[in-house]
Amino acid sequence: MTLPLRALICDDESMARKRAARLLEEHGGVELVGECASGDEVLARIRDEDVDVLLLDIHMPGMTGLEALAAMPEERPYVIFVTAHPEHALDAWNVGAVDYILKPLDAERLAQALARAK
């Protein structure tokens, strides 16, 4: 028996978080441990919770997703960026993202990214 991936969603848009949560639940093999809406909040959550994979937006008020990833400890969750902004893909790869998905998030593309994280 394989343990499920423990996932955290971080996006400042409520509808984007709801869509990601629904797709994660439909995927199977993933346990949603929470949602947050800012870079500061995600840093606190990964410090306090066991998270395997993080779905992270790029553009958020205050700290961006890229800045949040740079501030994470070395032992951090696998990060999948989910964003509407294709121009940050190279920066995401350079800071160690597992994948980079353009919104709107869909089930097939999410499954590919989760397979990479596994």
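**Close-up 1. The largest nonpolar core of this predicted model.** This core has 21 residues, and the ones touching the most other members are L8, V42, L54, L56, M72 and F81.

**Close-up 2. V42 and its neighbours.** Leaving aside residues up to four places away in sequence, who does V42 touch? The list runs L8, C10, C36, L54, A68 and M72. Three of those names, L8, L54 and M72, turn up again among the core residues that touch the most other members, and so does V42 itself.

**Close-up 3. I46 in helix α2.** Look for I46 in the helix that spans residues 39-48. Is I46 buried or exposed? Its relative accessible area is 13%, under the 20% cut-off, so I46 counts as buried. Beyond residues up to four places away in sequence, I46 touches L8, V51, M72, P73 and P77. Take M72: it sits 26 residues from I46 in sequence, yet their C-alpha atoms are 8.4 Å apart in space.

**Close-up 4. D11 in a loop.** Here we're in the loop between β1 and α1 (14-27), which is where D11 is found. With a relative accessible area of 4%, D11 is buried. Its contacts, again not counting residues up to four places away in sequence, are A16, R17, C36, A37, D57, M60, V82 and K103. C36 is one of the residues V42 touches as well.

Note on methods: Residues are numbered from 1 along each chain as its sequence is written. This is a predicted model: local features need pLDDT of at least 70, side-chain atom pairs count only at pLDDT 80 or more; totals for chains, interfaces and linings use all residues. Side-chain values use heavy atoms; hydrogens and water are left out. Helices (H or I, at least four residues) and strands (E, at least two) are DSSP runs, numbered from the N terminus. Buried means under 20% relative accessible area, exposed over 50%, partly exposed in between (1.4 Å probe, protein chains only). Contact means heavy atoms within 4.5 Å. A nonpolar core is a set of buried Ala, Val, Leu, Ile, Met, Phe, Trp, Tyr and Cys residues joined through side-chain atoms within 4.5 Å.
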